Amino acid sequence: MGMRITNGIMNNNSKINVMTNKGYADRMNTQVATGQKITRPSDDPVIAIRNLRLNSNIDELIQYKTKNIPDADAWLKTTGTALDQTNAVLDDIKSNLTTGASDDNTAEDRMKIVENLSKLRDQIYASGNADYAGRTVFTGYRTGESLTYMESSSDVRYNIIEDFNASAVENIKYVSGDFDVDRDKIEAAATGEYAEQKINYNDVKRVRLSYDELDIPQKTTDTKDGTIFTPIITGKDKNGNAFTYAVTDIDTTKGKKQNEIDGCYVMESTSDDDKVRLIADTGELILGK
């Protein structure tokens with residue numbers, strides 16, 4: 001028994017086919033007009049996911065090209081410029097030191113050289129604090145901080161570790177003692193009654209640290225939290241034996257008379273052989289024998 005096809009069924013099917021074709025035509029027109037294959041994820045979920053991934057990759061590439069690469073290039077140029085400036089300043093420092101080593105310089109010439117070196121030092125600090133877009137280039141991940149500091153609050157203190165070996169130990173001659181001559185003493189000397197006052201030539205073992213004008217509290221009253229900062233020297237001798245020295249003899253030269261300054265450099269007795277003295281003003285370690 002066959003199915004009866006009426007005119008109404010045929011009309012409805014024709015309408016459905018026409019509407020379906022119009023839907024296809026509308027979709028094609030939309031794709032041509034927008035340049036996009038889908039307008040909503042439900043049109044084709046697989047293509048939608050691929051499209052999102054592709055757009056994300058394109059955005060990353062655009063960011064690399066338009067921002068990251070120019071930013072890195074500017075960062076490297078800033079770093080290179082600072083290094084070039086530092087290298088030029090070091091050349092100037094070397095030139096000044098070479099000039100200052102000449103015995104032909106007068107005291108005034110040497111003072112000018114010292115002033116030049118002071119200015120060159122400030123330039124080194126400025127180069128070390130070079131920044132790009134507010135970020136310091138030589139401080140690693142701590143881009144919000146300066147590499148060097150000229151002054152600090154009295155409430156801020158630093159623990160500094162400085163490496164050196166035996167080659168850093170200098171042997172210097174330090175002249176101590178007073179020599180005052182007046183008319184009476186000269187006349188006494190002419191008659192053989194005047195004895196020359198003692199002038200001592202002292203062999204001093206010294207290490208010069210990277211910092212001077214050190215403020216190292218030695219009493220609990222010197223700090224708010226009562227902390228005492230004691231310099232420590234640790235290392236190994238030529239036989240590989242470990243040693244530790246606590247620098248408890250900390251001295252200063254500011255405002256002292258000459259004989260008191262002499263006392264900072266001269267180890268007076270054999271009991272001082274195992275001492276290590278730090279002169280805080282000059283940043284010098286004076287080593288006992």
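Modeller: Helices (DSSP runs of H or I, at least four residues) and strands (DSSP runs of E, at least two) are numbered from the N terminus. The model is predicted, so local features need pLDDT of at least 70 and side-chain atom pairs count only at pLDDT 80 or more, while totals for chains, interfaces and linings use all residues. Residues are numbered from 1 along each chain as its sequence is written, and side-chain values use heavy atoms, with hydrogens and water left out.

I begin with the open sheet. Its five strands stand in the order β3-β4-β9-β8-β7, and their pairing is mixed; two strands pair if DSSP finds at least two bridges between them. The edges are held by β3 (170–176) and β7 (249–251). Because each of these has a single partner strand, one side of β3 and one side of β7 are left without a neighbour in the sheet. Between neighbouring strands of this sheet the average turn is 35°, direction ignored. Such angles are taken between axes, lines fitted to C-alpha atoms (for helices over the stretch in contact), and run from 0 to 180 degrees between N-to-C directions.

A second pairing is that of β5 (residues 232–236) with β6 (residues 242–246), which run antiparallel and are joined by five bridges. Together β5 and β6 form a hairpin, with five residues between the two strands. In the turn of this hairpin, Gly-240 has a positive phi of about 85°.

Glu-213, in the loop between β4 and β5, has a phi of about 50°. Is Glu-213 buried or exposed? Glu-213 counts as exposed because its relative accessibility is 58%; buried means under 20% relative accessible area, exposed over 50%, and partly exposed in between (1.4 Å probe, protein chains only). The other residue is Ala-133, with a positive phi near 55°. Ala-133 is found in the loop that runs between β1 and β2 (135–136). With a relative accessible area of 63%, Ala-133 is likewise exposed.

Strand β1 (residues 131–132) contains Tyr-132. Tyr-132 counts as partly exposed because its relative accessibility is 22%. Which residues does Tyr-132 contact, leaving aside its neighbours within four places in sequence? They are Asp-71, Ala-74, Trp-75, Thr-78 and Val-137, where contact means heavy atoms within 4.5 Å. One of these partners, Thr-78, is 54 residues from Tyr-132 in sequence, yet their C-alpha atoms are 6.7 Å apart in space.
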